[in-house]
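Subject: Handing over the structure

Hi there,

Here is the structure I promised to pass on to you.

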Amino acid sequence: MGRHYQGDIEGEFWFAVQSSDDGEFFGAVDDSNNAIVDIEESGYIAYRIPNDERHGEVEDGIDRCLRELGIWKKHLTEFFKDNSIYNQERIVTFLKEKNVQTTTEEVKAKLKWFARLDMGLKIEKAFNENPDEDIYFDADI
């Protein structure tokens with residue numbers, strides 16, 4: 001069973017790649033003090049991304065992810081188009097077939113940025129659909 005985030009954005013944190021507080025990279029603030037139960041009892045953190053971060057930390061975070069990924073975004077997107085299950089060795093093999101030499105350590109580092117970008121794009125989409133609202137979501141811990 002994986003850890004999920006749900007609310008205005010929904011998804012699953014990538015196992016051994018993405019931490020439960022990754023939304024903070026995009027300006028999410030712990031809004032748990034407004035929750036009915038505390039974090040330890042509930043098993044999740046209630047997050048809010050203020051609307052005024054939409055053109056700040058959210059856009060900056062997406063841009064940083066894209067810079068960190070570079071050409072890797074294209075390669076990882078292509079890999080995951082046909083693969084829902086992965087390990088780092090499978091990605092290394094896939095990339096070698098594309099004449100890209102890499103290591104499992106480099107793959108792990110790039111997967112962190114790829115998973116983070118996925119979350120950032122969901123946040124951006126939520127803001128585009130609700131331009132005057134804050135974004136709320138709960139993150140399993």
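Beyond its neighbours within four places in sequence, Leu 95 is in contact (heavy atoms within 4.5 Å) with Trp 72, His 75, Val 100, Thr 102 and Val 107. Leu 95 sits in helix 4, and with 0% relative accessibility it counts as buried. On that scale, buried means under 20% relative accessible area, exposed means over 50%, and partly exposed is in between, using a 1.4 Å probe and protein chains only. From Leu 95 to Glu 12 there are 83 residues in sequence and 25 Å in space, C-alpha to C-alpha.

A word on where this comes from: it is a predicted model, in which local features need pLDDT of at least 70, side-chain atom pairs count only at pLDDT 80 or more, and totals for chains, interfaces and linings use all residues. Residues are numbered from 1 along each chain as its sequence is written, and side-chain values use heavy atoms, with hydrogens and water left out.

Now the overall picture. The protein chain has five helices and five strands, where helices (H or I, at least four residues) and strands (E, at least two) are DSSP runs numbered from the N terminus. Their order along the sequence is β-β-β-α-β-α-α-α-α-β. The C-alpha atoms fill a box of roughly 50 × 35 × 20 Å along the principal axes. Of the 141 residues, 38% are buried. Among contacts with a separation of 6 or more, 67% are between residues 24 or more positions apart.

The five strands form an open sheet in the order 2-1-5-4-3, with antiparallel pairing. Its edge strands are strand 2 (11-12) and strand 3 (29-30), each pairing on one side only. Two strands are said to pair if DSSP finds at least two bridges between them.

Here are the pairings I looked at:

- Strand 1 (residues 4-7) runs antiparallel to strand 5 over three bridges, and Tyr 5 has Ala 139 as its bridge partner there.
- Strand 4 and strand 5 are also antiparallel, with six bridges; Tyr 47 stands opposite Phe 137.
- Strand 3 and strand 4 (residues 44-49) are antiparallel and joined by two bridges, with Asp 30 opposite Tyr 47.

Two residues other than glycine have a positive phi. Ala 16, with phi near 60 degrees, is in the loop between strand 2 and strand 3 and is exposed at 52% relative accessible area. Asn 99, at about 65 degrees, lies in the loop between helix 4 (88-97) and helix 5 (104-129) and is exposed as well, at 69%.

Finally, charge: the chain carries 17 positive and 32 negative side chains, and the centres of the two sets lie 11 Å apart. Lys and Arg count as positive and Asp and Glu as negative, leaving out His and the chain ends.

Best wishes

Definitions and conventions:
Charge placed at Lys NZ, Arg CZ, Asp CG, Glu CD.
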